[in-house]
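User: I have a structure open and want to go through it piece by piece. Can we start with the surface?

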Amino acid sequence: MYRTKIDIKIDKIYLSGELMQFNKSIVEIITKRRSVRTYDVTKEVEQDKIKIIKESMIEERTVGFRFDIVTFSELKSRKERLGTYGFIRGAGVFMVGIMNEDYGDRKNQSINFGRIFERIILKATDLGLGTCWMVSTFNRKRLAQRISLEDYEHFAIVSPLGYSALKKRPVERIMRQIPKSDQRKPWEELFFHSDFKTPLVREDTGEYSIALEMLRLSPSAANTQPWRIIKQNKGFDLFVSKDTRGERHVIDCNYNDVGIAMCHFELTAEEIGLTGEWKIDPEKNNVLGHKMEYVSTWKII
Ligand SMILES: Cc1cc2nc3c(=O)[nH]c(=O)nc-3n(C[C@H](O)[C@H](O)[C@H](O)COP(=O)(O)O)c2cc1C
């Protein structure tokens with residue numbers, strides 16, 4: 001199932017494209033990003049970098065979400081500052097994403113949230129900082145002592161922010177080995193042509209092969225990689241292979257994951273000059289069963 005190693009070459013693309021929000025090529029940033037769970041306690045995140053990230057949080061602010069940064073540097077020990085159950089070590093700064101439960105429909109909100117928070121994660125990567133999406137391995141009560149929530153709000157996501165330690169802890173290695181975090185499913189399990197029976201041939205996708213490859217490198221909860229693509233004549237239909245255990249937060253995670261995938265695809269397309277946009281095709285919406293659910297179509301313009 002996880003045969004394909006991540007092995008993308010970036011030098012060819014690096015020179016192309018007008019880079020708007022990022023200093024480095026988005027292909028380089030996406031390729032470099034990894035979840036970091038052990039941070040260098042001797043290296044504080046510089047205030048100017050925190051300022052840049054805060055500014056991008058303001059830029060990305062939209063109805064229904066808000067983002068914040070919480071710093072624990074006044075405490076002496078960095079051990080368990082936020083209550084991350086030992087999964088994160090050494091981080092003194094955390095980015096927090098907060099969702100308004102009353103606003104909009106949950107599916108689209110969760111997708112959009114994934115899309116926007118991933119842009120902030122990539123911005124942090126661009127600045128040389130490590131991050132890690134976390135929906136479950138943090139203590140919500142402890143966080144609530146630092147950031148107050150309105151009744152209608154909940155913490156949707158937390159990510160440490162800092163410099164990766166050179167030496168990884170055994171627990172971090174295990175956290176990567178179990179979900180096979182260094183690997184992604186092969187193309188033929190993710191990308192199709194016309195229907196879910198016909199794998200998409202990479203050579204038939206032209207420059208879009210780069211955008212698809214960047215989508216394939218997306219992080220996802222427990223590395224489940226629930227995104228699927230069917231190429232049609234004029235675009236790419238995006239589906240989510242939903243975890244059918246039905247727990248609310250698991251489904252929200254699946255939707256965050258597809259939002260992240262959309263973010264990688266659209267930023268890469270923009271960088272290499274491929275014009276298009278995500279649009280929901282009402283005819284395709286919910287035509288398939290409850291496991292494979294249609295999300296949106298990238299319409300080539
Ligand atoms: C929506 C989402 C939720 C995640 N939740 C957690 C979490 O609670 N704890 C954790 O240690 N990692 C979490 N991760 C990180 C994934 O395990 C990681 O992205 C995946 O294994 C791929 O590894 P990579 O990010 O290094 O490429 C989450 C990732 C995503 C996208």
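Analyst: The accessible surface of the protein chain comes to about 14700 Å², and 52% of that belongs to carbon and sulfur atoms. Accessible areas come from the Shrake-Rupley method with a 1.4 Å probe, and for residues only the protein chains shown count as cover. This is a predicted model, where local features need pLDDT of at least 70 and side-chain atom pairs count only at pLDDT 80 or more, while totals for chains, interfaces and linings use all residues. Residues are numbered from 1 along each chain as its sequence is written, and side-chain values use heavy atoms, with hydrogens and water left out.

User: How many helices and strands are in the protein chain?

Analyst: The protein chain has 9 helices and 10 strands. Helices (H or I, at least four residues) and strands (E, at least two) are DSSP runs, numbered from the N terminus.

User: And what percentage of the 301 residues is buried?

Analyst: Buried residues make up 54% of the 301. Buried means under 20% relative accessible area, exposed means over 50%, and partly exposed is in between (1.4 Å probe, protein chains only).

User: Next, the sheet with β2 in it. What is the strand order?

Analyst: The order is β2-β3-β4, an open sheet of 3 strands with antiparallel pairing. The edge strands are β2 (65-71) and β4, each of which pairs on one side only. Neighbouring strands of this sheet are turned by 25° against each other on average, direction ignored. Two strands count as paired if DSSP finds at least two bridges between them.

User: How many bridges join β3 to β4?

Analyst: 8 bridges join strand β3 (residues 93-100) to β4, and the two run antiparallel. Among them, N100 has E153 of β4 as its bridge partner, and G97 has I157 of β4.

User: Is β4 enclosed or open to the outside?

Analyst: Strand β4 (residues 153-161) is largely enclosed by the rest of the structure, because 9 of its 9 residues are buried.

User: Which helices pack there?

Analyst: Helix α3 (residues 47-59) lies across β2, β3 and β4, and runs at about 165° to β2. Helix α4 (residues 106-126) packs on the sheet and touches β2, β3 and β4, with its direction making about 160° with that of β3. Axes are lines fitted to C-alpha atoms, for helices over the stretch in contact, and angles run from 0 to 180 degrees between N-to-C directions.

User: K123 is in helix α4. Is K123 buried or exposed?

Analyst: K123 counts as buried because its relative accessibility is 11%. Leaving aside neighbours within four places in sequence, K123 is in contact with Q21, F22, I52 and S56. Contact means heavy atoms within 4.5 Å.

User: Now salt bridges. How many does the structure hold?

Analyst: The structure holds 18 salt bridges. A salt bridge is a side-chain nitrogen of Lys or Arg within 4 Å of a carboxyl oxygen of Asp or Glu. One of them joins the side chains of E28 and K32 at 2.7 Å, N to O. Both residues lie in helix α2 (residues 26-32), 4 residues apart, which is about one turn of the helix. E28 counts as buried at 11% relative accessibility, whereas K32 counts as exposed at 54%.

User: What about E60, R115, R119 and E266?

Analyst: Those residues are linked in a network of salt bridges.

User: And R169, where is that?

Analyst: R169 is in the loop between β4 and α6 (170-177). R169 is buried yet has no salt bridge, and the nearest side chain of opposite charge, E172, is 4.7 Å away. For charge, Lys and Arg count as positive and Asp and Glu as negative, while His and the chain ends are not counted. Not counting residues up to four places away in sequence, R169 touches R37, T38, G86, F87, I88 and R89.

User: Last topic, backbone angles. What is phi of S194?

Analyst: Phi of S194 is near 65°, a positive value in a residue other than glycine. S194 is in the loop between β6 (191-193) and α8 (208-216), and is partly exposed with a relative accessible area of 43%.

User: Where is A222?

Analyst: A222 is in the loop between α8 and β7 (227-232). A222 has a positive phi of about 55° although it is not a glycine, and is exposed with a relative accessible area of 60%.
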